[in-house]
Amino acid sequence: MNLNTHIVGVGGYLPERILSNEELSTMVDTSDAWIRERTGITQRHILAEDQQTSDLATAAAQQALDDAGISVHDIDALVVATTTPDMIFPSTASIVQYKLGGKDFPAWDIQAVCSGFVYGLAQVDGMMRSGMFKRVLLIGAESMSRIVDWTDRNTCVLFGDGAGAMVLEAKEEQGGMIGSVLHCDGSYRHLLMAEHKYEGNAPGKKVDFRVDAAGVAAVEMKGNEVFRVAVTKLSEVVGEVLEKYEMSKVDVDWLIPHQANIRILKATAKKMQMDEEQMAVTVDKHANTSSASVPLALNHLYRQGKFESGQVLLLEAFAGGFAWGANLIRWSK
Ligand code: ACO
């Protein structure tokens, strides 16, 4: 039996609060013009104080389930790609399972920062083709606003919160996932990171965890160095995934890139010789939502009814690690 992984449901969620560039300019020394010109971002969504990553994930997942016309009880695995989990443990996936009203099926998180969803799709596709699961909920969800230093203009202007989700189903029919390529090069790990600060704790010491070892982390980035490597690696990876699956640029109908910077998106579209109309752009309204950005960008086009059966979608992402990758999908929904 030859199984293929099909997308049967798509969903997204953005928290209500919008933080505009203008409002941000009253907090740090920046301007709407600088942010727009360098990144293409005009605003970002910020989760409420009483929301957590699992709440964003649950809302996106419920929309994807509704879109697939099924309930959580029809699911046999749930995976959350996140770099901003509710807690160190349990996994955000287990919390989302509970909030959706599910039980018993396996649930786990994966962490590949902004490439988390692309990595997740590759991982789940392999498991589904092997017959391990029939229907999987894959979610990318982030509360980046919780880990950015809101006094650092180099990073705080870049990120936003949100979640995107897909219901995947293994079927014998042709179509769905074509395949993926993934990469990581840890020698770049210091250029983009958020360190845990568990200082002071060791056997024999008494630490007040709420004060001394709160695990507070903030994003640190060497922006222009990340930019240079991102453009090169993304150009390479789109070529590599096409070559691996014996396709060419003209076969791709839609480019769904990770949304970090409009200049990086345009460079990849140029390399693909694609019109910008064939590319999902949400960075202007969402900023960089890390692992949520690819499924949110896909959801954005899907809600506009853009995809036709048989069309080819190319998803790609670049992230801290550095970890990067791409997925090819033949739309079959
Ligand atoms: N407002 C005004 N000025 C600013 C701001 C700001 N918000 N931020 C930086 N500047 C200043 C800098 O201080 C610098 O000033 P100086 O020349 O006086 O020192 C100047 O602007 C230029 O700074 P650069 O960092 O060189 O600006 P650049 O054109 O490279 O743009 C940016 C910065 C937007 C961060 C860009 O480098 C970028 O997008 N990098 C890639 C980000 C990315 O792809 N990340 C990967 C995914 S994220 C993840 O995995 C979590």
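A polar side-chain atom of asparagine 261 lies 2.6 Å from an oxygen atom of the ligand. The model is predicted: local features need pLDDT of at least 70, side-chain atom pairs count only at pLDDT 80 or more, and totals for chains, interfaces and linings use all residues. Residues are numbered from 1 along each chain as its sequence is written, and side-chain values use heavy atoms, with hydrogens and water left out.

**The ligand and its shell**

| Residue | Protein atom | Ligand atom | Distance |
|---|---|---|---|
| Asparagine 261 | polar side-chain atom | oxygen | 2.6 Å |
| Glycine 320 | backbone N or O | oxygen | 3.0 Å |
| Tryptophan 34 | side-chain N or O | nitrogen | 3.4 Å |

On its own the ligand has 1,000 Å² of accessible area, and the protein covers 76% of this (areas come from the Shrake-Rupley method with a 1.4 Å probe; for residues, only the protein chains shown count as cover).

The ligand is surrounded by 27 residues, and the closest are Thr30, Arg38, Cys114, Arg153 and Asn261 (a residue is near if one of its heavy atoms lies within 4 Å). This shell divides into 14 nonpolar, 9 polar and 4 charged residues (Ala, Val, Leu, Ile, Met, Phe, Trp, Tyr, Cys and Pro count as nonpolar, Asp, Glu, Lys and Arg as charged, and the others, Gly among them, as polar). Helix 7 (223-244) is among the elements that supply at least two shell residues each, as are helix 2 (32-39) and strand 12 (312-319). The largest share, 4 residues, comes from helix 7. Helices (H or I, at least four residues) and strands (E, at least two) are DSSP runs, numbered from the N terminus.

**A helix pair**

Helix 3 (residues 53-68) and helix 4 (residues 92-100) pack at an angle of about 55°, with their axes 9 Å apart. Helix 3 is therefore oblique to helix 4. Axes are lines fitted to C-alpha atoms, for helices over the stretch in contact, and angles run from 0 to 180 degrees between N-to-C directions. Angles under 35 degrees count as roughly parallel, over 145 as roughly antiparallel, 65 to 115 as roughly perpendicular and the rest as oblique.

**Backbone exceptions**

Most residues other than glycine have a negative phi, and most peptide bonds are trans. Phenylalanine 89 and proline 90 are joined by a cis peptide bond, with omega about 0°. Proline 90 sits in the loop between strand 4 (77-81) and helix 4. Another cis bond joins glycine 321 and phenylalanine 322, with omega about -10°. Alanine 287 has a positive phi, near 60°.

Conventions: Polar contact = N/O pair within 3.5 Å; in protein donor to acceptor, adjacent residues only side chain to side chain.
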